[in-house]
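This tour goes from one selection to the next. Keep the viewer open and follow the stops in order.

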Amino acid sequence: MSQMAIKEGPRFGAHLSGGVKGALAHARRMGLGRSGPAGQGGGPIQIWSRNPSAWRRGSHDPQDVTRFRDGCAELDLAPLFIHGIYLMNFASADDVLWERSIEALVDHLVVGATLGAQAVILHPGAGGIQSREQALDRCALAMRRALERTEPIAGRPRIALETCAGAGSALGRTFGELATVLDLLDGHPAVAIALDTAHLWGSGYDLASESGLDATMAEIEATLPLERIIAVHANDSKAPLGSLKDRHENIGQGYIGEAGFARLLAHPAWCRWPWIMEVPGYDGSGPDAANLDTLRRLSSAGGPVAVARDQPTGGGSPATGPWPALP
Ligand SMILES: [Zn+2]
């Protein structure tokens with residue numbers, strides 16, 4: 001009797017466009033899932049549960065939900081994450097916007113439960129002219145309100161606060177800020193953390209060098225329980241280290257580069273987290289087979305590979321924001 005040794009490695013996936021109705025077609029197009037052309041297994045996915053640039057709720061036909069859940073099971077697309085819409089701002093001093101944001105988060109959590117999502121991933125918000133401290137308080141209070149209102153929901157997803165590049169007054173530029181929100185919530189078990197490689201790079205964490213990664217890990221471990229981290233948004237960056245800019249690039253084509261990603265993929269903590277790409281894609285329509293192939297190739301290299309650092313092209317793909325929105 002022989003048992004095949006399965007190499008433990010990251011599961012790769014992507015933010016899929018088209019929402020509940022279109023996501024599976026996107027997965028198939030990029031070869032993600034059990035039925036992919038190369039016969040690979042599935043991976044984590046992320047979707048919008050509603051139009052990301054409108055407050056209007058997404059309403060889902062129960063048949064679409066069933067089809068989506070069945071399709072995810074068939075293709076082994078898991079875990080599922082929902083990305084919070086852009087309009088929400090949990091740190092806002094404007095009560096109307098703040099209440100609307102909580103309302104929208106409640107809706108995300110309700111819909112997330114019906115879809116079987118593991119977490120709703122959110123940007124913590126921007127506090128404007130408030131002090132950092134006030135803004136962090138405001139964010140934590142918003143999380144608490146949304147959690148209180150969704151307490152009875154069976155299968156409620158967690159809330160994952162995402163690291164941000166930190167432009168302007170955006171919160172989440174440091175692990176310490178995310179840890180503060182967690183502390184203000186008394187370490188509520190439904191609150192988790194998501195990392196974004198492009199955002200970390202923008203906010204000054206040098207993921208591309210060995211010493212930079214060591215320093216980043218030391219800071220994470222000193223600040224946050226590692227098990228709170230439940231997802232990685234895997235994106236290269238078009239913007240320089242510490243620029244505070246959030247500009248996603250295809251894997252290996254930006255400042256983090258192939259060697260940087262290969263090192264992350266070989267790291268014992270990073271390789272356990274689900275990886276979700278939010279890259280522009282080579283034809284500008286989001287995560288694609290080429291990016292997936294790059295991750296798989298860098299991962300199977302088994303460690304940092306000797307790759308010449310290409311100069312970032314910076315202009316290879318349209319600057320349409322971090323990643324394509326719903327049509
Ligand atoms: Zn992200």
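Start by selecting Leu105, which touches Met88, Phe90, Val120, Leu122, Met143, Ala146 and Ile159, leaving aside residues up to four places away in sequence; contact here means heavy atoms within 4.5 Å. Before going on, note that this is a predicted model, in which local features need pLDDT of at least 70 and side-chain atom pairs count only at pLDDT 80 or more, while totals for chains, interfaces and linings use all residues. Residues are numbered from 1 along each chain as its sequence is written, and side-chain values use heavy atoms, with hydrogens and water left out.

Leu105 is among the residues with the most contacts inside the largest nonpolar core, together with Phe68, Trp270 and Trp275; this core has 81 residues. A nonpolar core is a set of buried Ala, Val, Leu, Ile, Met, Phe, Trp, Tyr and Cys residues joined through side-chain atoms within 4.5 Å. Buried means under 20% relative accessible area, exposed over 50%, and partly exposed in between (1.4 Å probe, protein chains only). Another core, of 9 residues, lies apart from the largest one and includes Ala119, Ile121, Ala192 and Ala194.

Next, select the zinc ion. Which residues are its protein donors? They are Glu162 (OE), Asp196 (OD), His233 (ND1) and Glu278 (OE), lying 2.1 to 2.3 Å from the ion. Donors are N, O and S atoms within 2.8 Å of the metal (3.2 Å for Na, K and Ca); water is not among the atoms, so sites may look incomplete. Along the chain the donors follow the spacing E-x33-D-x36-H-x44-E. Glu162 lies in strand 5 (residues 158-162) and Asp196 in strand 6 (residues 191-196), so the pair ties together parts that are 34 residues apart in sequence. Helices (H or I, at least four residues) and strands (E, at least two) are DSSP runs, numbered from the N terminus. Both Glu162 and Asp196 are buried.

Move to helix 5 (residues 175-184), where the buried residues are Phe175, Glu177, Leu178, Ala179, Val181 and Leu182. These pack against helix 4 (132-150), strand 5, strand 6, helix 6 (197-202) and helix 7 (210-223). Just after helix 5, select Asp186, which takes a positive phi of about 50°.

Finish at Gln118, in the loop between helix 3 (95-115) and strand 4 (119-122). Is Gln118 buried or partly exposed? Gln118 is partly exposed, with a relative accessible area of 34%. Its contacts, not counting residues up to four places away in sequence, are Pro79, Leu80, Phe81, Pro157, Arg158 and Ile230. Gly155 is 37 residues from Gln118 in sequence and 8.6 Å from it in space, C-alpha to C-alpha.
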